[in-house]
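Hi,

Here is the structure we talked about.

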Amino acid sequence: MTPSISSKHRILQAAASVVDESGAAHLTLEAVAEAAGLSKGGLLYHFPNKRALLSGMLGYLLDRVQERAEQFTEGAEIPGIVALIAAQQARDDVERVMSRAILAAAAEDPSLLDPARDALGQWFAAADKESPYGLILLLAVEGLRFVEMLNLFELSSKAQSRIYKQMVDMAEKDRL
């Protein structure tokens, strides 16, 4: 891992920490620099403004989902929709917090979500081609993520696991 990648990752982790502790409204470059143990100049070297930081957070989230989906399909013959379901289920707390920050920022600047629109467009097109239930399953996964992101309804981890398993079972049955 190069120092710049490591520094960027540390900054993104610090941004998630600020959002988790103080809320998305308190995500400032100063607060992130302090949480990352950097000078503001050190932060600005990697992320020249708050928009760039938020874009970096979104890129991190999209990359992580894609990486996990690819890991799940590596050497296995599982449908892409199953890999995406598993990738979403495997999100960590940092990713959940980053999602809330990005959602809050997107309310002010909807264009921040353009990369997510592109990625989801590709995922939905692939899911639709792969399975008659692909769109429904992907919508269910994204719906669960959205409900969790907004803290609209709390499902126990056992209930979440059961729901994800049912989605995987539906996708697998469709292949038979």
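Glutamate 148 is buried, at 18% relative accessible area (buried means under 20%, exposed over 50%, partly exposed in between, with a 1.4 Å probe and protein chains only). Salt bridges with shared partners link Arg91, Asp93, Arg96 and Glu148 into one network. A salt bridge here is a side-chain nitrogen of Lys or Arg within 4 Å of a carboxyl oxygen of Asp or Glu.

This is a predicted model: local features need pLDDT of at least 70, side-chain atom pairs count only at pLDDT 80 or more, and totals for chains, interfaces and linings use all residues. Residues are numbered from 1 along each chain as its sequence is written, and side-chain values use heavy atoms, without hydrogens and water.

Now the pairs. Arginine 96 meets glutamate 148 at 2.9 Å, N to O. Arginine 96 sits in helix α6 and glutamate 148 in helix α8 (residues 134-149), so the pair ties together parts 52 residues apart in sequence. Helices are DSSP runs (H or I, at least four residues), numbered from the N terminus. Arginine 96 is buried too, at 18%.

Arginine 96 also pairs with aspartate 93, with the closest N and O atoms 3.7 Å apart. These two are 3 residues apart in helix α6, about one helical turn. Aspartate 93 is exposed, at 60%.

Elsewhere, arginine 51 bridges to aspartate 109 at 2.9 Å between the closest N and O atoms. Arginine 51 is partly exposed at 38%. Aspartate 109 is partly exposed at 25%.

Best wishes
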